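Here are my notes for your first look through this one. Have the structure open beside you and follow the points in order.

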Amino acid sequence: MSPHENRPREDGLPQDPQDMTLMIHALVDGELDAAAALAVERRIAADPELAAEHARLVALRDAVASLPRPTVSDAFLARIAAIAEVKGAGEGDVTQPAAMTAEPQQSSQQQQGNVIAMRPRGVRWFNSFDWRQMAASIALTAVLASGATQWLTTADNGAESFAVAVANGHRRSLLAATPVDIVSSDRHTVKPWLDGRIGVSPAAPDMAKDGYALLGGRVEVIGDRPMPALVYRHHEHLITLVAAPRQNDVKSVPVADDLSAGGFLLVHWTDDAFSYWAISDAERPALDDFVARFRAAVIANPAAGSPG
Amino acid sequence: MAGAPQGATVLNEKMLAARFAEVVLPHLGDALSLARWLTGNTADAEDVVQEACLKAHAGIAGFAGGNPRAWLLTIVRNASYTWIAKNRPRSVVAVGDLADLDDVAPPPDSDTDSPEAALIAKANSAAVEAAIARLPQPFRETLVLRDINGLSYREIAAMLGVPQGTVMSRLARARGLLMTELGGRHHEPA
């Protein structure tokens, strides 16, 4: 059995092996908050039996996920779409599958301006039933739309209000049930998630060895621009790192700049691709240490980032 | 779900049609998947989903936000069981006292790292599908809702009318059975 069997556990996880198995299922299913996920990941790392169970579950999940899905044929789609149309204004063409892909969408655009405006005209509702593509295209549109506003850089006090926005986002994350949208200590999970959502992802090194464990990532919306944010844990403090893709006219800040906003300490710096804002309620030395280690890790592995 | 008549006076028909296109049509693939796993074949699944979509259209005004996929799948699930009861009454599994089924399978006493994981990963689609098809109905349903339809524990619990803990244990049990079958664990000495 596990070598930890007789030691009192302080991570709040169940003692019972069956319940612990359920926790691993919940981890694989993304049902745990960041703190619980971290605790379970630690248990898995320390216990080969749990690690084997975890590996089996991941393999099974992938095997089931890769099963072929039933296809929605054009004829079937037309049949279903006709359910709504027959009782509607009686616009013809409902039996023509080709027409179905365009017409209902246009009428719905007129009806629901606000919602539809977020969506590019050409989104292929009917052929793509993968919500991830939908989410990505919505987010991408938001990025494109915000290109005109240049919220970040217009005013002299841009940096200051940006810092306040970062602080507000960090404060909200501390109040929320979980500070991250995607829980993982694995950058191979966090980066694709961010890429899929907003098309941008910074390097996301896990620095658990240095005392800064990567908890996951989330999307921050600052001004009207979605931006990737990474969340690290240092002892009982959380550090949010917002990585704003750099625009040409953003002032270069090669040397980390110490700021504060909203009662939190911030460090701001830039590299070639991103403008970084690290914020935490940790002490200044800890935050500075985090920034130094993060920058070193990024320089050591520069290929890991992908500015949009 | 069936509260259309009053709501329909508020939303005119065109708006309902637009809402139907937004709420129902994007999730037809998921609806077909669920119906297929519950009824056992693809052709029946289309009939069931069409029936469910008629109900969904009638009740679209009552859709109160939330996850549209979970909403549609709840209707599809009900339609599936109605269809099964009508067309194949003998195959309906009595979902009575599942207490004995809800025990979690004991963790395997494997002392090796991950040969089973490798075996599972290599299993071909036909083997995986056959193994899912052989699961007892409550387990199969829970597994499909989670791993194929991608619903959360909370959404599944609400749909099935059971506590989340029951969802978790059924899921663990379903996966345990699949792993046993696909991972070749039954060849190992106990």
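1. Thr21(A), Leu22(A), His25(A) and Ala26(A) of helix 1 of chain A meet Met168(B), Ser169(B), Leu171(B), Ala172(B) and Arg175(B) of helix 10 of chain B. Residues are in contact here if their C-beta atoms, placed from the backbone, lie within 7 Å. By class, this contact has five nonpolar, three polar and one charged residues. Ala, Val, Leu, Ile, Met, Phe, Trp, Tyr, Cys and Pro count as nonpolar, Asp, Glu, Lys and Arg as charged, and the others, Gly among them, as polar. Helices (H or I, at least four residues) and strands (E, at least two) are DSSP runs, numbered from the N terminus.

2. A word on what you are looking at. This is a predicted model, in which local features need pLDDT of at least 70 and side-chain atom pairs count only at pLDDT 80 or more, while totals for chains, interfaces and linings use all residues. Residues are numbered from 1 along each chain as its sequence is written, and chains are lettered from A and ligands numbered from 1 in the order in which they are written.

3. Now the geometry of that helix pair. Two packed helices are described by the angle between their axes and the distance between the axes. Helix 1 of chain A and helix 10 of chain B pack at about 85°, and their axes are 10 Å apart. That makes helix 1 of chain A roughly perpendicular to helix 10 of chain B. Axes are lines fitted to C-alpha atoms, for helices over the stretch in contact, with angles running from 0 to 180 degrees between N-to-C directions. Angles under 35 degrees count as roughly parallel, over 145 as roughly antiparallel, 65 to 115 as roughly perpendicular and the rest as oblique.

4. Step back to the whole contact between the chains. Chain A contributes 47 residues and chain B contributes 49 residues. Which elements give two or more residues to the side of chain A that touches chain B? They are helix 1 (17-28), helix 3 (48-65), helix 4 (74-86) and helix 6 (103-111) of chain A. Helix 3 of chain A gives the most, with 14 residues. That side of chain A divides into 27 nonpolar, nine polar and eleven charged residues.

5. Compare the make-up of the chains. Chain A has eleven helices and seven strands, whereas chain B has ten helices and zero strands. In chain A, 35% of the 308 residues are buried; in chain B, 41% of the 190 residues are. Buried means that 20 or more other C-beta atoms lie within 10 Å of the residue's own (exposed is 12 or fewer, partly exposed is in between), with C-beta atoms placed from the backbone.

6. Next, look at the sheet. Chain A has an open sheet of seven strands in the order 1-2-3-4-7-6-5, with antiparallel pairing. Two strands pair if DSSP finds at least two bridges between them. The edge strands, strand 1 (182-183) and strand 5 (257-261) of chain A, each pair on one side only.

7. Strand 2 of chain A pairs with strand 3 of chain A over nine bridges, and Val221(A) stands opposite Pro226(A). The hairpin of strand 2 and strand 3 of chain A has two residues between the strands, and Gly223(A) in the turn has a positive phi of about 65°. Helix 2 (residues 34-46) of chain A lies across strand 1, strand 2 and strand 3 of chain A, at about 155° to strand 2.

8. Strand 6 (residues 264-270) of chain A has five of its seven residues buried, so it is largely enclosed by the rest of the structure. Five bridges join strand 6 of chain A to strand 5 of chain A, and six bridges join strand 6 of chain A to strand 7 of chain A. Across the latter pairing, Trp269(A) stands opposite Tyr276(A).

9. The largest nonpolar core has 112 residues, and Val166(A), Ala278(A), Ala31(B), Val49(B) and Val76(B) touch the most other members. Such a core is a set of buried Ala, Val, Leu, Ile, Met, Phe, Trp, Tyr and Cys residues joined through C-beta atoms within 7 Å. Its largest share, eight residues, comes from helix 10 (residues 164-182) of chain B.

Key:
Two residues are in contact if their C-beta atoms, placed from the backbone, lie within 7 Å.
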